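Reader: Can we go through this model together? I'd like to start with the pockets and then look at the ligand.

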Amino acid sequence: MFTRTFPGMPILRNRLTKRALRPALTLLDRRVRRGVQPDLDTLRREVAEMRRQQYAVGLLLDGTGRGAHRIPPAAEIDRLVREVGDVSDRGEHARRSVVVAFRTVVALEALGVGRLAGSTSNICGKLATVPLLSPPNGSILEIGTLYGLFASALVRMVHRAGIEPDLTIVDPLAGSQLQPGTSQPADPTGTPVREDVVRANLALGGSRSALEARIQQGFSSDPAVREAVSDREYGVIVVDGDHSMEGVAADLEWVEKIIAPGGIVVLDDYGDQAWPGVQEALDKHLAGGTSRLRMLGRVSTSAFLRAD
Ligand SMILES: C[S@@+](CC[C@H](N)C(=O)[O-])C[C@H]1O[C@@H](n2cnc3c(N)ncnc32)[C@H](O)[C@@H]1O
């Protein structure tokens with residue numbers, strides 16, 4: 001008996017051919033296995049090594065102990081660079097500024113006491129944009145500092161742009177974050193909001209401007225607090241204290257009086273769904289038509305304004 005092959009019948013399905021070829025196929029199979037196995041072993045080792053490295057990087061950058069992670073995807077950074085470039089009209093330096101801001105955030109949070117508040121995009125957006133807007137002087141006022149790490153980072157960013165900063169901070173520094181009408185959950189850092197903590201964070205910079213910073217304890221709505229820090233025209237004011245509609249409206253009214261001509265006002269959390277009063281207050285403030293402040297635009301969830 002013989003097995004017929006028909007046109008189109010694959011030769012390897014023919015029993016006789018199979019039998020004849022079996023020793024060669026077995027040899028080939030062994031060789032293929034021998035060739036593939038080392039590749040698989042190498043891949044396994046490489047994946048294990050990558051996981052190990054990724055885990056260590058995760059420890060440095062994940063959200064444990066600070067709430068927000070610091071691992072932005074490329075698309076988020078690209079978008080931030082576009083937004084910073086649009087607001088500042090100096091798009092050619094936007095990427096450099098965003099990347100330097102990111103490194104500053106990571107370094108300060110690694111060594112600092114407490115944390116910076118907010119998403120990586122919003123923090124880096126504020127830090128990257130301010131120096132590119134060429135503020136008219138280096139006097140910086142931050143209303144609402146929490147742990148002082150943002151102020152510490154901003155001082156560095158402005159200094160890098162060639163402006164020697166002097167810093168004033170207003171915050172009740174009452175042990176924990178205060179927000180009227182809300183009860184704030186325990187901070188993920190477990191660190192108290194206190195002046196000594198802010199000082200420790202400012203000292204990380206080591207520059208004269210950070211070490212000699214003026215810290216005015218109290219609420220920005222307090223006339224005595226206002227009087228104590230209204231002794232100069234500020235080149236930059238960051239409004240990040242009371243986030244209620246009334247609180248932001250009151251801060252904006254005050255800020256109008258102490259911002260230098262050409263000065264930059266940063267309103268944090270503008271457009272953030274968690275703090276609707278912030279946008280409401282600024283939109284109403286500008287709709288009045290008598291403000292010295294002009295809206296330059298928005299980066300992440302911060303509004304940027306320039307004073308006439
Ligand atoms: C969102 S945190 C500031 C975060 C900080 N700017 C940062 O970027 O890391 C708000 C801070 O403002 C403080 N605060 C609340 N009401 C204030 C007011 N009327 N004047 C000044 N600070 C106020 C809070 O206690 C808290 O420390």
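This is a predicted model: local features need pLDDT of at least 70, side-chain atom pairs count only at pLDDT 80 or more; totals for chains, interfaces and linings use all residues.

Reader: What volume does the largest pocket have?

Author: The largest pocket has a volume of about 720 Å³. Its lining is made up of 44 residues, and those nearest the centre are Gln-177, Gln-179, Asp-240, Gly-241 and His-243.

Reader: Which elements give two or more residues to that lining?

Author: Helix 4 (120–132), helix 5 (149–160) and helix 9 (245–258) do, along with strand 1 (139–143) and strand 2 (166–171). Helix 9 gives the most, with 4 residues.

Reader: And how do the lining residues of the largest pocket divide into nonpolar, polar and charged?

Author: There are 17 nonpolar, 16 polar and 11 charged residues in that lining.

Reader: OK, the second largest pocket. What is its volume, and which residues line it?

Author: Its volume is about 200 Å³. The lining consists of Arg-90, His-93, Arg-96, Ser-97, Val-100, Pro-131, Leu-132, Met-157, Arg-160 and Ala-161. By type, they divide into 5 nonpolar, 2 polar and 3 charged.

Reader: Which helix gives the most there?

Author: Helix 3, with 3 residues. Helix 3 covers 94–111, and helix 4 and helix 5 also supply at least two residues each to the lining of the second largest pocket.

Reader: Now the ligand. How many residues surround it, and which are the closest?

Author: The ligand is surrounded by 21 residues, and the closest are Glu-142, Gly-144, Asp-171, Leu-178 and Asp-240. Asp-240 is also listed among the residues nearest the centre of the largest pocket.

Reader: Change of topic. Where is Asn-201 found?

Author: Asn-201 is in helix 6, which runs over residues 195–203.

Reader: What does Asn-201 touch, leaving out residues up to four places away in sequence?

Author: Asn-201 touches Gly-112, Val-113, Tyr-147, Gly-148, Leu-149 and Ser-152.

Notes:
Residues are numbered from 1 along each chain as its sequence is written. Side-chain values use heavy atoms; hydrogens and water are left out. On a 1 Å grid over the protein atoms alone, a cavity is a set of points where a 1.4 Å probe fits but cannot get out, and a pocket is an open set with protein on both sides within 12 Å along at least five of seven lines; lining residues have an atom within 4 Å of a point. Grid points are joined across faces, edges and corners, and a volume is the space filled by probe spheres set on the points. Ala, Val, Leu, Ile, Met, Phe, Trp, Tyr, Cys and Pro count as nonpolar, Asp, Glu, Lys and Arg as charged, and the others, Gly among them, as polar. Contact means heavy atoms within 4.5 Å. A residue is near a molecule or strand if one of its heavy atoms lies within 4 Å of it.
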